[in-house]
Each structure stands twice: as C-alpha cells, then as structure tokens.
Amino acid sequence: MNGAQEDADLREVRAASRTVGLQLAIASGALVVAAIGVAFFFVLDQLRPSELQEPPKPGEHKIYIDTTEAMIAFVVVGVLAVAIAGVLSMIVTRRAVRPLGRALTLQREFVADASHELRTPLAVLDARLQVLQRGLPDGDPSAATVAELRDDARTLIDVVNDLLLAADPEREAAVEPAPMAVPVARAVEALQVLARDAEVELLLDADPHVLTTIPPASLQRCATALVDNALAHSPSGTRVTIGVLRDGADAVLRVADEGPGITGIDPSRIFDRFARAQPSVPRRAGAGFGIGLALVREIAARHGGGVAVETTGPSGTVLAMRVPAATNPRATAGAA
C-alpha cells in the first residue's frame, strides 16, 4: 500500500478520534459544571445572614466566605476540570481507535494483495479461452458456451480491478456518465443459469436513459449481489423483478422478489457483514455468507448513495440501491 493511502487512513482515524474525544469532553464538561453548580448553590443555601451576628459557641469555629470570591473559585476550578477532562478524553480516545486504524490498513492491504495475485491467473485463463475460441471450427455447438466463458473471465478481471481501486480509492479515475442499465443487464444475464436451476424467472425493466458515474464493474457487482440474494430467497415458480429508473436526483436499482419476506433478523441489519436472514428455500452451495449485501452498501456509500429495504412481508421483499444520477454532458451542451 502506498504512503498516500496510509496517510488517508491515518487522517480518517484521527478525525474519528477527535470527534469522539470532543463528544466525551463536552459530556464530561457538562457533568463537571453541573456538579460545581450544585455545590455552589448548596453552599449559598447554607449561608444564613442571621448566623453572622451570633457569637461563636465554646469550641465552635466559624468561617466566613465571600460569595464573589467563592463564585470565582468555583468557576476557575470548573474551567480547569473541563480542560483536563477534554485533554484526557482526546488522549484516551486516540489510543482506543488506534487498533481500528491498523485493522483498516490491514484490510486494505489484504484486498490489494489478494486482488493483485488473482490478476495474472485470470489473464492467463482469458488468453487460453481466446485461443480455444479461435481454434473452434465454424458451426461448432460449443462456440456459444466458450464465448460465455470468455465474458465471465473478463467480468472476473473487471471485478478484481474494481477491488484494487476499492483498496486504494485515490487511484480511481473519474468515470464518464454511462447508462446504468448496461452493467445491470450483464449481471442479470450472467445469473440466468442460476435462475433456471432454481426455477425462478428474472425480469429486467431498465430505463436506458438513467446515467451514473459509478464504474460499470462496481455496478455489476452490486446488481449481482442484489439479484443473487433475491434468488436465494425465492421459491420455485416465482419471479424476481429488476428495475432501473430515475427518481428525482437519484438513479435507483430496485430488486423485488416474491419470497416470504425477511425473517429471523431485523431488516435494517441485513446489510451488516456476515448477517443472514432465515433461509426460505434450500440454499445452494457457496451461498449465504452474508457478505454480498454489505459490499453493496460499501460501494453505494463510496459513491454518495445507499441501499435499503423498501418493503418486506409475506408477499416479497424489495431492496433498492440509490446513487446520485448523472447527466449527459453532450446533451447538456446541446441544450445550452
């Protein structure tokens, strides 16, 4: 990992520690001020002017307190207590979040290393498929399958490159506005084989005029995760509807299934890493590790959007990812 990314992680952790430390300082300061205020008013309440004229009893000693000086003393003590509490809060918070910064760095390093190691084998796989495709005679019945395998290999290469960019966001270049429907359609097409095995129908209704600046590989990963999740909870004979539409300033990817709804977990937690709902249909091997939807949330948040459960119940569940919609600069220039 380069030094710039480490500096970015360090700045992020320090910013979080300052925020938490400031909140702790404010809370502790409020408690100190409240305690000193109670003590001050208690002292004032105990002072009775009539007692000042009474002579001391044998063995009794009286102390006379000036209220102005007492108030100044309480204020000074309160300010010092608040300052000390704030400094201690900052120090303790920074030490507490330091392991989180290290964990974030290790996570980025792992993603970058794993993605880099996968690039070469995938490139070799794509090259061998290309040689196989070129060597097939005209009219060979396996030509279509080999072409699909090449498409899948290129998709994997795009996913690996996208993971590398996610590990080092500063390397991510600006993306021109592009139709959201294209990568979504690729994801739906790739999952058709799983849908046929599960006897679930996939229906795509995508507006080709909805544009975003999110990399196509990232969008395809999001669509794949959302549709795959819907397939995992769809009984045989049902359908999954995938929609791409414009809603105000947002570009929306909506996936609706006809399953029994989210059960066994709070719907707001299904986007947490490793969170899993109660399965409604037998899961296929390798599915249901609770990572796909968390990746969708991370990608959406990285590009200024989010993902949420719109509805869920016995008639089905609707998940929607919203990201800022883009405009076609050529069309804008032409209109101007």
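How many bridges join E2 to strand E4? Six do, and the two strands run parallel. This is a predicted model, in which local features need pLDDT of at least 70, side-chain atom pairs count only at pLDDT 80 or more, and totals for chains, interfaces and linings use all residues. Residues are numbered from 1 along each chain as its sequence is written, and side-chain values use heavy atoms, with hydrogens and water left out.

**Overall make-up**

- The protein chain holds nine helices and seven strands. Helices (H or I, at least four residues) and strands (E, at least two) are DSSP runs, numbered from the N terminus.
- Of the 336 residues in the protein chain, 31% are buried. Buried means under 20% relative accessible area, exposed over 50%, and partly exposed in between (1.4 Å probe, protein chains only).
- The protein chain has an accessible surface of about 20200 Å². Carbon and sulfur atoms account for 61% of that surface. Areas come from the Shrake-Rupley method with a 1.4 Å probe; for residues, only the protein chains shown count as cover.
- Among contacts in the protein chain with a separation of 6 or more, 72% link residues 24 or more positions apart. Contact means heavy atoms within 4.5 Å.

**The sheet**

- Five strands form an open sheet with mixed pairing, in the order E2-E4-E5-E7-E6. Two strands pair if DSSP finds at least two bridges between them.
- Strand E2 (201-206) and E6 are the edge strands, each with a single partner strand, so one side of each has no neighbour in the sheet.
- On average, neighbouring strands of this sheet are turned by 15° against each other, direction ignored. Axes are lines fitted to C-alpha atoms, for helices over the stretch in contact, and angles run from 0 to 180 degrees between N-to-C directions.
- Strand E4 covers residues 239-247. Its valine 244 stands opposite alanine 206.
- E5 and E7 pair in the antiparallel sense, over seven bridges. Leucine 253 has methionine 321 in E7 as its bridge partner.
- Seven bridges also pair E6 with E7, again in the antiparallel sense. Here glycine 306 is partnered by arginine 322 in E7.
- E6 and E7 form a hairpin, with two residues between them.
- Seven of the nine residues of E7 are buried, so E7 is largely enclosed by the rest of the structure.

**Helix H8**

- H8 spans residues 292-302, and its Leu293, Ala294, Val296, Ile299 and Ala300 are buried.
- An α-helix has 3.6 residues a turn, so residues three or four places apart point the same way.
- The buried residues of H8 pack against helix H7 (216-232), strand E6 (306-313) and strand E7 (316-324).
- H8 lies across E6 and E7 and runs at about 25° to E7.
- Glycine 304 follows H8 and has a positive phi, near 80°.

**The largest nonpolar core**

- The largest nonpolar core has 36 residues. Such a core is a set of buried Ala, Val, Leu, Ile, Met, Phe, Trp, Tyr and Cys residues joined through side-chain atoms within 4.5 Å.
- Met180, Leu202, Ile242, Leu253 and Met321 touch the most other members of this core.
- Two or more residues each come from helix H5 (181-190), H7, E4, strand E5 (250-256), H8 and E7. H7 gives the most, with eight residues.
- Leucine 202 touches Val188, Leu191, Gln192, Ala195, Val227, Leu231, Val240 and Ile242, not counting residues up to four places away in sequence.

**Single residues**

- Valine 188 is found in helix H5. Its relative accessible area is 5%, so valine 188 is buried.
- Not counting residues up to four places away in sequence, valine 188 touches Leu202, Leu204 and Ile242.
- Valine 188 and glutamine 220 are 32 residues apart in sequence and 9.0 Å apart in space, C-alpha to C-alpha.
- Serine 218 lies in helix H7. It counts as buried because its relative accessibility is 0%.
- Leaving aside neighbours within four places in sequence, serine 218 is in contact with Asp162, Ile299 and Arg302.
- Glutamate 199 sits in the loop between helix H6 (192-198) and E2. Its phi is positive, about 60°, although glutamate 199 is not a glycine.
- Glutamate 199 counts as exposed because its relative accessibility is 55%.
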